[in-house]
Amino acid sequence: VRIDSEELSLNDIEHRILRSIWQNPNIHYALNCASLGCPRLLPEAYTASNANALMEQGAFDFINGHGVRFDGRKLIVSSIYAWFTEDFGGTEAGVLNHLRRYAQPQLHDRLDGDVDVANARVEDLEEVLVDGRPPGSVAEVLLRAPHALDAQVQQREAEMREEPEEA
């Protein structure tokens, strides 16, 4: 995309512009790569009047859906919390506080309890499949890091820059 003679990629728009303007971790629930492990994209437009409410709902849905789970005491979270820790408070404690803010009572109690944060891990689909373990639940399939998708997006952006503009 060209804006005021400056070439901008979707990555530029997300990370250089929108994240810096909003400075709100909930932007990740609205704007992301749309991989299986990320929050779901809504079928409606974000507007000035609904953006905050939709992002709050996105946080609630993702945290209580496929973004956070436990394996015993071990906390397992979506990759977005590792990639963007600085947006979620900058520390493990900050991420936990963010998760607690939106967690339903049962999950909130688990997050307040004896959580093994030292061994917390980010799980991705590639790891589940490469290890030869079939996913035990839909949540395991959905907790996916979008590394492969990132490469596809970068490839398509490069192709778009090379395509001649139509007159």
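Which pattern does the protein chain follow when read along the sequence?

1. This is a predicted model. Along the sequence, the protein chain follows the pattern β-β-α-α-β-β-α-α-α-β-α-α-α. In total, the chain has 8 helices and 5 strands.

2. The protein chain has 167 residues, of which 37% count as buried. Its accessible surface comes to about 10,000 Å², and carbon and sulfur atoms account for 53% of that area. Among contacts between residues at least 6 apart in sequence, 58% join residues at least 24 apart.

3. Strands β3 (residues 68–71) and β4 (residues 74–77) run antiparallel and are joined by 4 bridges. Within this pairing, Phe70 stands opposite Leu75 in β4. The hairpin of β3 and β4 has 2 residues between the strands, and Gly72 in this hairpin takes a positive phi near 70 degrees.

4. Asp4 deserves a separate remark. This residue lies in the loop between β1 (2–3) and β2 (6–7). The phi of Asp4 is near 45 degrees, which is a positive value in a residue other than glycine. Asp4 has a relative accessible area of 76% and therefore counts as exposed, the cut-off being over 50%.

5. Is Gln23 buried or exposed? Gln23 is exposed, because its relative accessible area is 68%, and exposed means over 50%.

Technical notes
Residues are numbered from 1 along each chain as its sequence is written. This is a predicted model: local features need pLDDT of at least 70, side-chain atom pairs count only at pLDDT 80 or more; totals for chains, interfaces and linings use all residues. Side-chain values use heavy atoms; hydrogens and water are left out. Buried means under 20% relative accessible area, exposed over 50%, partly exposed in between (1.4 Å probe, protein chains only). Two strands pair if DSSP finds at least two bridges between them. Contact means heavy atoms within 4.5 Å. Accessible areas come from the Shrake-Rupley method with a 1.4 Å probe; for residues, only the protein chains shown count as cover.
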